[in-house]
Amino acid sequence: MAETGCVYLVGAGCGAADLITLRGLRLLQICEAVVYDDLIDPALLAQVPLSAERYCAGKRAGRHSMPQPEINELLVRLGQSGKQVVRLKGGDPFVFGRGGEEFLALREAGIRCQVVPGISSSIAVPGAAGIPVTHRRAARSFHVITGHTADGTDGLPEDLDTLARLNGTLVFLMGLGALETIAARLMAAGKPADTPAAVVSGGNAPHPATVRGTLADIAARTRAAGVQAPAVILVGQTAALELADPPAGPLAGQRVGLVGTDTFVDRLGEKLTAAGAEPRLCVAARTEALPVSLDWESLTDGTPRWLVLTSVNGVERLFALLRENRVDLRKLAGCRFAAIGPATAAALAAQGIQPDLCPATATGEELGRLLIASVPAGQPILLLRAENSTPLLHTMLREAGYPVEEHSLYRTVYQPLRPAQEGEALVFGSAAGVRAYAEAFGAPGAGVKCVCIGPVTAAELARHTAAPFATAPNISADGILACLETL
């Protein structure tokens with residue numbers, strides 16, 4: 001029998017991926033299987049090893065992907081197989097997350113289980129909307145209550161009348177469908193009709209909204225605003241507070257879906273956040289190093305040759321290989337370096353190499369033209385780039401009479417996470433990313449505003465949709481940002 005594994009009940013926090021704890025993130029990065037909820041940030045799944053098994057066990061109001069007993073059975077089976085398993089749950093596992101049931105099922109089966117707490121939606125969602133659940137002059141306690149239970153005649157806790165007499169903040173989870181009943185029960189129990197109340201749909205909810213009012217009118221205001229589950233209901237004096245600055249910047253409040261590599265997403269994501277936008281990863285792209293059969297000693301024999309790099313990932317992989325093969329960089333004096341654009345040139349500069357050539361427009365075609373115009377006839381050219389790169393550059397150089405070697409340093413593996421939602425912008429960082437998105441989700445929806453990083457990517461998107469889209473004025477994160485500001 002296989003050695004029993006361990007199941008980690010990990011709270012993902014509530015909202016962006018970086019709200020997870022460091023321990024939770026590290027467990028994700030080394031797990032062999034992950035069982036995840038519906039409302040986690042899909043970007044967290046991009047941290048899971050590609051070899052790991054993935055199981056969606058999400059639940060939403062009126063829609064269950066997997067009944068709880070089946071989730072328990074799945075966790076037990078995975079644990080018995082000897083795997084290191086992350087049960088990734090929105091918020092905190094033990095705050096109405098049924099983590100207690102899962103823990104007991106695992107313990108009864110003799111499976112090791114550890115809990116990694118997360119930030120509960122009961123405090124995170126109100127907090128992001130500027131509503132503190134406690135305040136020294138307004139509420140010295142808060143009470144987290146389920147708005148949906150199998151007990152009681154109306155689906156609400158039997159002790160709701162007792163809770164109504166408390167002065168602290170009442171926080172209801174999973175209660176949007178019972179909002180009218182909650183308000184009526186609280187007022188019937190003596191809660192003043194003018195008590196401040198709020199309904200907040202936040203975190204990773206598909207339709208964020210914040211509605212404020214009083215017990216008397218909060219249900220009508222929420223219906224009029226079209227608020228959709230999941231939502232947190234707050235009742236008490238703190239519900240009238242607004243202790244958060246509104247999003248600022250030219251893209252304030254705009255959700256932007258991203259398709260690209262970690263390097264692309266990180267660089268653009270920082271700029272989007274600074275501009276007030278909310279970046280969301282739609283398709284992650286990971287690089288996998290490939291074995292390279294390059295004669296490393298030939299690079300140091302003094303023969304003039306050109307090393308052509310077409311991505312930041314290619315630069316990083318090349319210099320990792322140079323280190324692995326113990327190549328003395330001082331002996332590369334005979335080599336010349338060409339970079340496809342500013343980002344690749346900057347990556348080379350970070351390694352101590354200033355590129356000899358870099359075209360004004362970061363495309364393979366422009367790089368090919370510049371090489372043909374600048375490189376003496378007969379000098380060998382090494383293309384060091386990703387597997388399955390577009391053949392245009394290689395073809396241009398070979399037809400111009402240059403001896404060309406192509407070496408695939410890495411491959412890019414695409415992992416679909418979520419389609420862009422209506423009203424979002426969607427940014428594509430490569431033609432391959434467009435293909436990966438289309439294969440997973442089809443053409444972007446009519447309500448999605450698409451932006452391509454450059455003409456090659458734009459040409460690929462045009463093959464998948466007849467809808468209009470924008471192309472960045474220059475191939476850079478700043479170019480994409482400028483394009484988004486005009487949409």
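In this predicted model, helix α2 (residues 68–80) packs against α3 at an angle of about 45°, and the two axes are 9 Å apart. That angle makes α2 oblique to α3. The crossing of the two helices is right-handed. On the α2 side the contact is formed by Q68, I71, N72, L75 and V76, and on the α3 side by E101, E102, A105 and L106. Sorted by class, the contact of α2 with α3 holds 5 nonpolar, 2 polar and 2 charged residues.

R98 lies in the loop between β6 (84–89) and α3 (99–108). Its phi is near 60°, a positive value in a residue other than glycine. P230 sits in the loop between α7 (218–225) and β12 (232–235). For background, most residues other than glycine have a negative phi, and most peptide bonds are trans.

Another helix pair is α11 (residues 364–374) with α12 (residues 392–399), which pack at an angle of about 20° with axes 9 Å apart. This makes α11 roughly parallel to α12, since angles under 35 degrees count as roughly parallel. The crossing of α11 and α12 is right-handed. From α11 the contact takes in G364, E365, L367, G368, R369, L371 and I372, while α12 supplies L392, L393, M396 and L397. The contact of α11 with α12 comprises 7 nonpolar, 2 polar and 2 charged residues.

Helix α13 and helix α14 (residues 455–462) also pack together, at an angle of about 25° and with their axes 8 Å apart. The two helices are therefore roughly parallel to each other. As α13 passes α14, the crossing is right-handed. The residues that meet are A431, V434 and R435 in α13 and V456, T457, E460 and L461 in α14. By class, this contact divides into 4 nonpolar, 1 polar and 2 charged residues.

| Helix pair | Angle | Axes apart |
|---|---|---|
| α2 and α3 | about 45° | 9 Å |
| α11 and α12 | about 20° | 9 Å |
| α13 and α14 | about 25° | 8 Å |

The structure holds 1 cavity of 30 Å³ or more, and about 30 Å³ of space lies in the largest cavity. The largest cavity is lined by F428, V434, Y437, A438, G442, A443, P444, L461 and H464. Helix α13 (residues 431–441) gives the largest share of this lining, with 3 residues. Divided by class, the lining of the largest cavity has 7 nonpolar residues, 2 polar residues and no charged residues.

Two of the residues named for the cavity return in the helix contact described above. V434 is listed in the lining of the largest cavity and takes part in the contact on the α13 side. L461 is likewise listed in the lining and belongs to the α14 side of the contact.

Definitions and conventions. Residues numbered from 1 in each chain as written. Predicted model: local features only at pLDDT ≥ 70, side-chain atom pairs only at ≥ 80, totals over all residues. Heavy atoms only, no water. Axes fitted to C-alpha atoms, helices over the stretch in contact; angles between N-to-C directions. Helix = DSSP H or I, 4+ residues; strand = E, 2+ residues; numbered from the N terminus. Parallel < 35°, antiparallel > 145°, perpendicular 65-115°, else oblique. Left-handed = near helix turned anticlockwise from the far one by under 90°. Contact = heavy atoms within 4.5 Å. Nonpolar A, V, L, I, M, F, W, Y, C, P; charged D, E, K, R; others polar. 1 Å grid on protein atoms, 1.4 Å probe; cavity = no way out; pocket = protein on both sides within 12 Å on 5 of 7 lines; lining within 4 Å. Points joined across faces, edges and corners; volume = space filled by probe spheres on them.
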